Amino acid sequence: MVKTKIRTTLKKGITIPSLIFIIGVCLISALYPEITDSLLTVVKGFIFVNLNWIYVWAVSIFVIFLVYIMTSKYGNIRLGRNDSRPDYSFFSWLSMLFAAGMGIGLMYFSVAEPMQHYSNEIFSDKSLVQRAQNAQLYTFFHWGIHAWAIYGVVGLALAYFSYRYRLPLSLRSCFYPLLKDRIKGRWGNVIDVFALCSTFFGITTTLGFGVVQINSGLVTLNILPDNSFLYQVLIVAVLVSLAIFSAVSGLDKGVRILSNINITAVVILLLFVLFLGPTVYLIGSFTEGIGTYINSFFTLTFNTHVYEEGTQTWFYDWTILYWAWWISWSPYVGLFIARISKGRTIREFVAAVLILPTLFNFIWMSVFGNSAIWFDMNVADGFLSQMANDPDGLMFQFLEYLPFTKFISFLVIGIIIIFFVTSADSGIFVMNSIATKNAKVSPRWQTIGWGTLLAVLALILLNAGGLAALQSMTLITALPFSIIMLLFLVSLTKGLMVDKNYYDKDFSSTTVPWSGEQWKDRLRQIASFNDAASTHRYIETTAKQAFGELLSEFAVNGIDAKLNYGENPERIEIEIRYDLINNFIYGVRSESKIVSEYLLNEDNLPDAEENLVYFPKSYFGDNRDGYDVKLFTKNELISDVLKHYDRFINIISEEKNTMFISSDSNHRFK
């Protein structure tokens, strides 16, 4: 009997620990939902109350960092080779990152969040108009630039190190400048296990809430009789099957096509509510809301409500919860955004990720949230406010106040279903990518397996009431991951600096006067590393001879110059002294630099016994940066001194430089 070996691309060091932790947490949450939820709620409460400043500072730093990177010299760096181009059209790219980044949340909270802020008793001392303005402002804050900055940091770090440094599309790769090759071992596995578990928990809880909203909508439309668990099983079975089919089809087919369809349907729904709702009110409130958001941006960003005890509970339950939620989702969304962003420039990536989805979110939340508030104040007599704590059915109740209610309700359910499928299929793709270290081709049974596990555990938690516990677990993991994301910034900064220096680095100043006459000597010098003795020898011979000849010629031309050096010189300099202006100094000194370990182990590069090499470097009296002169011949060194002396004469001859050049700094060189 021949045994058939099951082909798999799963990595045991990542997959097995992840599955043990995922299944263990889900089973504990399902078997002991109340105890688990109570315990995790206490931990979450402690973090939100005592460590909320970590979230505030982290998210603020993410925003500042991305804005700086977008506007800096690093913005032109491409996520890939310099000649690479995007894999997807701009519309498809935006559609996919938008569907993955917000998805079901837009449908779930577009009416519910503004209405909950508007009806919250904490703001009962304010007028209805002020409460409506605050509702829009806080919704903008929670769904705006800050949320997308969190996604942007992870997505940018992943895309940069994966496509620029040609590392695996994995969170471990973001630590390459800090850990180097250690990312391939145990540390890398730990990072990927964390990312896989966080991704699974985030998708499971979000899809669980999506199922409940779809069920509620179908009950409202009298398609289903109630919200029983049996119908939720049927919904999950159908939708996850669609998600698995889409994931198996790949990004270029399933995910891209569904995302394009969904964004088109979303725009149609948006325009429908805008033009058949209170249009003038919506346009005016959106305009005013943008202005209020911009004016309040920094106050909102750094506000911890420490001086407002009455609103602190609201701050923990909303702002801090949102920051934790977006952070906990960022491994999944960041991986997906990175996967579809190859070939974009950093400036294009950051601008698109920060600005365009934020602007769309603002328009969406204004149209739906402000319409609901307007209906509540003018038509519904406060009925929508009373339903604020029932977000599952609030969207469909809101649609009752618009024409063509049944048609638009079907459209909403259709959009939620597609959001559900696109979130699930992109989640399945990301989880398989993490578990396989970004294997290019995986067997289909793995994709089916991740989708099945997602559906089964989500249903178990729904039935047992364990989703709240899992949500708390997800939010708790956001704290350590926020620290990890800050390290991403350090790593990304180091990588970008090396990248920019590599491509901007010009030929050495040493090569400027070269001709082809002494090319064999040049090659011999290039193909060897200097030790301290050879550098001292250069100073004793070439530099000393060059400066000696210059000294004699300066004297012939009536210029009083002198030579400064010691018995065993590590430096030598020629100095021309002046009374009223700074002295002219050109010197050569011995300096050292550390050679990369990779260079030491490379066969086809110069031999070096130690990782410290020495070289003669020029320096000047005005403290400008010098350069390596080891390849200069005696005459070339003389020529270089004269070029700097000519520069010196031209500068001191200009009257506008008088104040600067007449400062008494000559004593430093005595």
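**Burial, cores and salt bridges in a predicted chain**

Asp-640 has a relative accessibility of 5% and so counts as buried, where buried means under 20% relative accessible area, exposed over 50%, and partly exposed in between, with a 1.4 Å probe and protein chains only. The model is predicted, so local features need pLDDT of at least 70 and side-chain atom pairs count only at pLDDT 80 or more, while totals for chains, interfaces and linings use all residues. Residues are numbered from 1 along each chain as its sequence is written, and side-chain values use heavy atoms, with hydrogens and water left out.

Asp-640 has a partner: its side chain meets that of Lys-643 in a salt bridge, at 3.9 Å from N to O. A salt bridge here is a side-chain nitrogen of Lys or Arg within 4 Å of a carboxyl oxygen of Asp or Glu. Both residues belong to helix α26 (residues 634–652) and lie 3 residues apart, about one turn of the helix. An α-helix has 3.6 residues a turn, so residues three or four places apart point the same way. In contrast to buried Asp-640, Lys-643 is partly exposed, with a relative accessible area of 46%.

The count of salt bridges comes to 8. Arg-589, Glu-591 and Lys-617 are linked in a network. Within it, the closest N and O atoms of Glu-591 and Arg-589 are 2.9 Å apart, and those of Glu-591 and Lys-617 are 3.9 Å apart. Glu-591 is partly exposed at 23% relative accessible area, and Arg-589 is partly exposed at 29%.

Stepping back to the whole chain, there are 27 helices and 4 strands; helices (H or I, at least four residues) and strands (E, at least two) are DSSP runs numbered from the N terminus. Of the 670 residues, 54% are buried. Among contacts (heavy atoms within 4.5 Å) between residues at least 6 apart in sequence, 78% join residues at least 24 apart.

What lies inside? A nonpolar core is a set of buried Ala, Val, Leu, Ile, Met, Phe, Trp, Tyr and Cys residues joined through side-chain atoms within 4.5 Å. The largest such core has 175 residues, of which Tyr-55, Trp-364, Phe-368 and Phe-398 touch the most other members. Helix α15 (residues 309–339) gives the most to this core, with 18 residues. A second, separate core of 24 residues includes Ala-543, Leu-550, Val-588 and Ile-638. Leaving aside residues up to four places away in sequence, Trp-364 touches Leu-106, Met-107, Ser-110, Val-266, Leu-269 and Leu-270.

Helix α21 (residues 444–464) has 21 residues and reaches 31 Å from its first C-alpha to its last, close to the 30 Å expected at 1.5 Å a residue; the expected span is 1.5 Å times one less than the number of residues. Its buried residues include Trp-450, Gly-451 and Leu-453. After α21 comes Gly-465, whose phi is positive, near 75 degrees.

Finally, the structure holds 0 disulfides, a disulfide being a pair of cysteine sulfur atoms within 2.5 Å. The sulfur of Cys-197 is 9.6 Å from the closest cysteine sulfur, in Cys-26, and is therefore too far away for a bond. Cys-197 is buried, with a relative accessible area of 6%.
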